[in-house]
Amino acid sequence: MKIISDKGIPNAAQCLRAGGLVAFPTETVYGLGANATDERAVAKIFAAKERPTFDPLIVHIYDISQLDLLFKAPIDPMVYALANHFWPGPLTIVHAKTEAVPHLVSAGLETVGVRMPDHPIALQLLALADCPVAAPSANKFGQLSPTHHMHVAKQNMPVDYIIETKTELRVGIESTVVAVNNNECTILRPGFITKQAIENCIPNAKVNILQKNTHINAPGLLDSHYSPSKPLYFVENESKFADHCGLILHDSNVSALEANHIVYTSQNADMIEVATNLFSALHSMEDNAEVKEIYIQKIEEKGIGIAIMDRLKKATFKYQK
Ligand code: TXA
Ligand code: MG
C-alpha cells in the first residue's frame, strides 16, 4: 500500500488498467476502484472490503459517452436529463446494463449504477485510466465511510495506491442512488441531491422514494451499516455524559450538554457542513482511545437532513438500547 500525491495519478491509472486497486477521493467519500470490465480486478474489491457479493458496485466514468458501453440500448431519455443536469456530481443512475458489465459488478442484477464524480483527482484518474471504474466506498464492509486518506489507510486493506487530498471532500456522504425506468424515477438511497432537486430536473416524471422490504438487495438498504467500532447512540434526554463518552453536536448555540470530548460537525446546524464533516467526526471519536461510547445529536429530517439521518439511523441501529 502506497499513499501518493496527485503527481502519482498517472501511475495509479496504469495500475487500474493492469488490474490493481486504487483508493481515490471523490466529492462524496473515498472510493476503492478497480477496472469495471475486468472481473478478476473487481473480485479484489470484494476480497479487500470483505464485502458480500450480493451487493452491487457503482461504476465511475469521466465522460457521458462511456454510458454506451455500460447501459443497454435504448437508453432511457431520463438518464440524459439527469446526467446532463447533475454530472459531474453526487448522483448514481441505475439502468439496464450491457454484457460488458460483469455480473460481479451488478451482483447478478440486470442493472448497473453509474456516476461521474465531481472531484479533479477522480476525473483525472478516470480519464487517464480510460476505463470505467467500479468503486464502492473504501472501507471494510459495514464500517464508517472514509472522507480522508488516513481513514482509508487505517483499515489496512490490500490496496495498491491511496491518493491523498489536501482538502475536505465537499459532500461527505455517499451519492443519491436513483433507478430510472419508464418515466418513473425511484430513489434507492437518499443523498446530497434531494427528491425536490430531482423533481425539478425531470418535472414530467414520477419520482418515488423506495419503501423497505423490496426485492432489491443493496447494502445502503440494510438496517445496519456505516457503523463505528464503538457503540453509537443518539442523544435522547441526557444532559451530562460520563468521562468516557464522546459527543458529536451539530450546533454550538443551543447546547447545554456537558461532556469531556465534544466534536462539532457545524457551529450552526448548517446541513451541508454537517454532511461534509459527519464521517470525519465519527472517525475522530473512533480513533480517540479515551472515548468508549459515542453520542450524536439528531438533525431535522428535511432536505439533506434526510440523507444524514438515514446514515445515522443505520450507524446506531445495532446499538439501540
Ligand atoms: O458516493 C458514492 O456513491 C460512493 C463513491 C465512492 O462514489 N460509492 C458508494 O458505493 O457509496 P457503495 O458500494 O458503498 O454503495 C453502492 C450502493 C449500494 O448500496 C446500492 O444501494 C446501490 O449503490 N446500487 C449500486 N448498483 C445498484 C443496482 N444495480 N441496483 C440497485 N442499487 C444499486
Ligand atoms: Mg459503502
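Tutor: In this predicted model, ligand 1 is surrounded by 27 residues. The closest are Thr28, His60, Arg115, Ser175 and Arg189.

Start with the polar contacts. His60 places a polar side-chain atom 2.6 Å from an oxygen atom of ligand 1. For Arg189, an N or O atom of the side chain is 2.9 Å from an oxygen atom of the ligand. Arg51 also takes part: a polar atom of its side chain lies 3.0 Å from a ligand oxygen.

Next, the cover. On its own, ligand 1 has 680 Å² of accessible area, and the protein covers 99% of that. Of the elements, β6 gives the most, with 4 residues. By residue class, the shell divides into 15 nonpolar, 8 polar and 4 charged.

Now the rings. The structure holds 2 aromatic pairs. In one of them, the ring centres of Tyr233 and Tyr295 are 5.3 Å apart and the planes meet at 40°, so this pair is tilted. The cut-offs explain the label: planes under 30 degrees apart would count as stacked, and over 60 as edge-to-face. Tyr233 belongs to strand β12 (residues 232-234) and Tyr295 to strand β15 (residues 293-296), so the pair ties together parts that are 62 residues apart in sequence.

Are these two tyrosines buried or exposed? Tyr233 has 15% relative accessibility and counts as buried. Tyr295 has 7% and also counts as buried. The reason is the cut-off, because buried means under 20% relative accessible area.

Tyr295 also pairs with Phe241. Here the distance is 5.0 Å centre to centre, with 55° between the planes, and this pair is tilted too. Phe241 sits in the loop between β12 and β13 (245-249), while Tyr295 is in strand β15, so this contact ties together parts that are 54 residues apart in sequence. At 8% relative accessibility, Phe241 counts as buried. Put together, Tyr233, Phe241 and Tyr295 form one aromatic cluster.

One more ring deserves a look. Phe234 has the charged end of Lys298 sitting over its ring. The distance from that charged end to the ring centre is 5.1 Å.

To recap, the protein covers 99% of the accessible area of ligand 1, and three rings form one cluster, those of Tyr233, Phe241 and Tyr295.

Conventions. Residues numbered from 1 in each chain as written. Chains lettered and ligands numbered in written order. Predicted model: local features only at pLDDT ≥ 70, side-chain atom pairs only at ≥ 80, totals over all residues. Heavy atoms only, no water. Phe/Tyr/Trp six-rings, centres within 6.5 Å; stacked < 30°, edge-to-face > 60°. Helix = DSSP H or I, 4+ residues; strand = E, 2+ residues; numbered from the N terminus. Buried < 20%, exposed > 50% of the residue type's maximum accessible area, 1.4 Å probe, protein only. Lys NZ or Arg CZ within 6 Å of the ring centre and 35° of its normal. Near = heavy atom within 4 Å. Polar contact = N/O pair within 3.5 Å; in protein donor to acceptor, adjacent residues only side chain to side chain. Areas by Shrake-Rupley, 256 points an atom, 1.4 Å probe, with all protein chains shown as cover. Nonpolar A, V, L, I, M, F, W, Y, C, P; charged D, E, K, R; others polar.
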